[in-house]
Amino acid sequence: MFFIGWYHTHMHNPEVDWSKIDTVLLDMDGTLLDLRFDNWFWQELIPSRYAAANDLSPSEAWELLKPKFHAIRGTMQWYCIEHWTRELGLDIALIKRERTARRQVGYLPGALDFLLKLKESGKRRMLVTNSHPTTLAIKNEQVGITAHFDACYSTHRFDVPKEHPAFWPRFQALEPFIAERTLFVDDSLSVLDAAHRFGIGWLRAVRRPDSGQPAQNTGHYAAVDRIADLLS
């Protein structure tokens, strides 16, 4: 199944043929919601809270935290707020709820329009996120993202994240879809690589997952600046 959809994913074929798509799988953070909040939360707020709790300067805290983050990036633990609550001695869910209540979570430009138009398309729409179920619930309270989908899944239900090859067959067993007639949009190249190897026919990478940062290199994947452009 490795080569299925390669032509569709390549950068020289950016157009989506919606007549060949039945199912749309969408990532949450960095695809629909601005990753700026999450980057600020983990790179600035949590180090400052960790510093205050451990009598450290923010820079000292960040130097201690960086290797902890790096060691498990891309694993289920990396996305688990319960793990980080135990590891850091901070109530991550409480801190996240406090901050999202201040409406610092928001959609990327064009994302909400895309979701509204997608509903009219008749395609099956599924949110597939590595975010912890509690994180999904907290963000949903603020932006109502789940209302735009037929089904929403946190990969914690499957015990492996989207970048792990075991995720895709487990997900398909629960939620049957035809891989070559599926569009999947994500901002993570490692996640897109795993989806490509599984045989997802239509793959798109988000070029600017964080509105406050420069565009990322999306490699050989066709990229979108605004997800709404996929329906224009």
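1. Before anything else, please keep in mind that this is a predicted model. The accessible surface of the chain comes to about 10,900 Å², and carbon and sulfur atoms hold 51% of that area.

2. On overall dimensions, the C-alpha trace spans about 60 × 35 × 30 Å along its principal axes.

3. For secondary structure, you will find nine helices and six strands in the chain. Of the contacts with a separation of 6 or more, 68% are between residues 24 or more positions apart.

4. Turning to the interior, 50% of the 232 residues are buried. In soluble globular proteins, nonpolar side chains tend to be buried together. Here, the largest nonpolar core has 45 residues, and those with the most contacts inside it are Leu26, Leu32, Ile46, Ile145 and Leu230. Helix α2 (residues 36-53) gives the most to this core, namely seven residues. Apart from this core lies another, of 23 residues, including Met126, Phe158, Trp168 and Phe177.

5. Which residues is Ile145 in contact with, leaving aside its neighbours within four places in sequence? They are Met28, Leu32, Leu33, Tyr107, Leu127, Leu136 and Asn140.

6. Lastly, the charges: the chain has 27 positive and 29 negative ones, and their mean positions are 2 Å apart.

Note on methods:
Residues numbered from 1 in each chain as written. Predicted model: local features only at pLDDT ≥ 70, side-chain atom pairs only at ≥ 80, totals over all residues. Heavy atoms only, no water. Helix = DSSP H or I, 4+ residues; strand = E, 2+ residues; numbered from the N terminus. Buried < 20%, exposed > 50% of the residue type's maximum accessible area, 1.4 Å probe, protein only. Contact = heavy atoms within 4.5 Å. Areas by Shrake-Rupley, 256 points an atom, 1.4 Å probe, with all protein chains shown as cover. Lys, Arg positive; Asp, Glu negative; His and termini not counted. Charge placed at Lys NZ, Arg CZ, Asp CG, Glu CD. Core = buried A, V, L, I, M, F, W, Y, C linked by side-chain atoms within 4.5 Å.
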